[in-house]
Amino acid sequence: MELASHPFNLVENAWHLKKMMLRDKLIMVYSDHITPKSFEYLMHLAEDKLAHFKTDLKNKKKILHILVESLQNIAKHGYKDSTDTVASLFVIGLDDENRFFVIAGNTVTHKNEEYLREKLDHLNSLNPDELRMFYKHAILNNNFTDKGGAGLGFIDIMRKSQSKMHYHFAPVNEHHSFFTFKVDINSKNEE
């Protein structure tokens, strides 16, 4: 289903967007700048949405933890535009087998894109035990960056979701890309 052929017909497009979200089981979609106020709002909204879907406590905790980590990652590491804000995207949805997934995204510089590709490819190559050891090693050796993190956010997201991180970079202009990642929420074998 495509959006209406007249992009300025907002009423018609809104209905098509609603039907697409229902069809694709997108239960929460946010696309805007992240501020402390929007962070708090998103946490409350996610809790309400998950309660509406009668989400079990284990999955609810995982999803909310991933939401926090993702929003912190966006706020700390996303490219800030001339208004000192970061454009972002966040989605919680259900796949065809009614398992939750989380998608998050933000604008990054091409320099950060190279770093992220290397980092995520490395993390995706690790099995769960290796990922756990890598996490412990990063904490014990204080491998912190100039922004305060040791890359622990992505590791933590992968550990909580118990899935690989699927990612994509869409070119925005000659200096920036929009970085998007997706993790599936595996409810088995809680760490």
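**Close-up 1. Buried residues of helix 6 in the predicted model**. The buried residues of helix 6 are Leu-152, Phe-154, Ile-155, Asp-156, Ile-157, Met-158, Arg-159 and Ser-161, where buried means under 20% relative accessible area with a 1.4 Å probe and protein chains only, and helices (H or I, at least four residues) and strands (E, at least two) are DSSP runs numbered from the N terminus. Because eight of the 10 residues of helix 6 (residues 152-161) are buried, this helix is largely enclosed by the rest of the structure. The model is predicted, with local features needing pLDDT of at least 70 and side-chain atom pairs counting only at pLDDT 80 or more, while totals for chains, interfaces and linings use all residues. Residues are numbered from 1 along each chain as its sequence is written, and side-chain values use heavy atoms, hydrogens and water being left out.

**Close-up 2. Packing of helix 4 and helix 6**. The two helices pack at an angle of about 35 degrees, with their axes 11 Å apart; axes are lines fitted to C-alpha atoms, for helices over the stretch in contact, and angles run from 0 to 180 degrees between N-to-C directions. Leu-116, Leu-120, Leu-123 and Asn-124 of helix 4 make the contact with Phe-154, Ile-155 and Met-158 of helix 6, contact meaning heavy atoms within 4.5 Å.

How values were computed:
Buried < 20%, exposed > 50% of the residue type's maximum accessible area, 1.4 Å probe, protein only.
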